[in-house]
Amino acid sequence: MTHLDAYNRPISYLRISVTDRCNLRCLYCMPRDGVPLCSHHEILTYEEIETIARAAAELGISKVRLTGGEPLVRTGIVELVRVLASIPGIDDLAMTTNGIRLSRHALALAEAGLLRVNVSLDSLRPERFERITRGGRLEDVLHGMEAAREAGLQPIKINTVVIRGTNDDEVVDFARKTMHQYWNVRFIELMPMGRGLSIEDEWREKIVIAQEIRRKVETVLGKLEPAKVSAGNGPARYYRLPGARGTLGFITAVSDHFCYQCNRMRLTADGQLRPCLLSDHEIDLRTPLRQGAGIEEIKSLLLKGVETKPRRHHLAESDGPEKRAMSQIGG
Ligand code: SAM
Ligand code: SF4
């Protein structure tokens, strides 16, 4: 049975970061030289992740998303997918990836039981993409998306963080992509993630709020109509251009918090349960696990997370969490 938190929200979703390592250095997520990495000993083993996922499933958590860092840089990820997909109660298993290694793994991931992928993509221009990610090749991501589509990892959602002066002039190009292809583009408002954000100027000036993006799109391409996506409805609100195949979504993390409908908790790669992305309150699961805690003990720690999940964040009035970069939590 799914558990309710102190504000009556059913907690049914766990995001698991499987690594703090990444093959890119997106400028809103990681400093150029990366963040201090956990040692291999500090990272949860796959067996430990499995135990936590089993405990979560027994508490009614039915949806799991693997993230990172970049989940596809961790060796053996396909095997982890296979194990998690076989846990009774987990009926929705997805992944968020930068797509760079997706073409190599899409088919095996789908065969192992992964249902869908979200791919992060902030520019459709190769040089700009390389600059934002500090070294990524756009072509690799596009091939990855194609391989995911062919493998049936659908619907693919595209996460696009919009940054003023960096890629905000491309929102219409992204929207155009939805006209003839089944692209589901989600525009994400830039969040201030303490240690990771390496945008030097005042970050607030770089945020482009959803209303502004929407206005830009509608001015050129026409009025958006409310739309539904077939799977994995999260915090985004979805729309469609008239006659379009794909959809456009907006994740208004800063301008209009959606905490009242938040259904998730997060597990960091080093085994800390984070009831809220934007609060540094964490519950250590790794130490008890390594001291021999069984499923029941892990369940009671997970329930503690549910009980202490904050009501909302306050990004509109204050800066984000200090303790970790986004790459260390998983978005
Ligand atoms: N490496 C994978 C990827 O890029 O998809 C998974 C981890 S990444 C931390 C997860 C998501 O967080 C990505 O879609 C990324 O765009 C988003 N993200 C990272 N830093 C952000 C920030 N400061 N504001 C908003 N979104 C951010
Ligand atoms: Fe890596 Fe994803 Fe962060 Fe980019 S957003 S640096 S791909 S973890």
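## The sheet

Arginine 15 stands opposite arginine 65 in strand 4, in a model that is predicted. Strand 4, residues 63-67, pairs with strand 3, residues 13-17, in the parallel sense, and five bridges join the two. Both belong to an open sheet of twelve strands with mixed pairing, whose order is 9-10-11-8-7-6-5-4-3-12-13-14. At its edges lie strand 9 (225-226) and strand 14 (283-284), each of which pairs on one side only.

Helix 7, residues 210-221, packs on this sheet, where it touches strand 7 (157-162), strand 8 (184-189), strand 10 (237-240) and strand 11 (247-251). The direction of helix 7 makes about 155° with that of strand 11.

## Ligand 1

The shell around ligand 1 holds 20 residues, of which Tyr28, Gly69, Glu70, Ser120 and Met191 come nearest.

Threonine 97 has a backbone N or O atom 3.2 Å from an oxygen atom of the ligand. Taken alone, ligand 1 exposes 550 Å², and the protein buries 95% of that area.

## Ligand 2

Around ligand 2 stand Cys22, Leu24, Arg25, Cys26, Cys29, Gly69 and Asn98. This shell comprises four nonpolar, two polar and one charged residues.

Definitions and conventions. Residues are numbered from 1 along each chain as its sequence is written. Chains are lettered from A and ligands numbered from 1 in the order in which they are written. This is a predicted model: local features need pLDDT of at least 70, side-chain atom pairs count only at pLDDT 80 or more; totals for chains, interfaces and linings use all residues. Side-chain values use heavy atoms; hydrogens and water are left out. A residue is near a molecule or strand if one of its heavy atoms lies within 4 Å of it. Ala, Val, Leu, Ile, Met, Phe, Trp, Tyr, Cys and Pro count as nonpolar, Asp, Glu, Lys and Arg as charged, and the others, Gly among them, as polar. Two strands pair if DSSP finds at least two bridges between them. Helices (H or I, at least four residues) and strands (E, at least two) are DSSP runs, numbered from the N terminus. Contact means heavy atoms within 4.5 Å. Axes are lines fitted to C-alpha atoms, for helices over the stretch in contact, and angles run from 0 to 180 degrees between N-to-C directions. A polar contact is a pair of N or O atoms within 3.5 Å; within protein, one must be able to donate a hydrogen and the other to accept it, and residues adjacent in sequence count only if both atoms are side-chain atoms. Accessible areas come from the Shrake-Rupley method with a 1.4 Å probe; for residues, only the protein chains shown count as cover.
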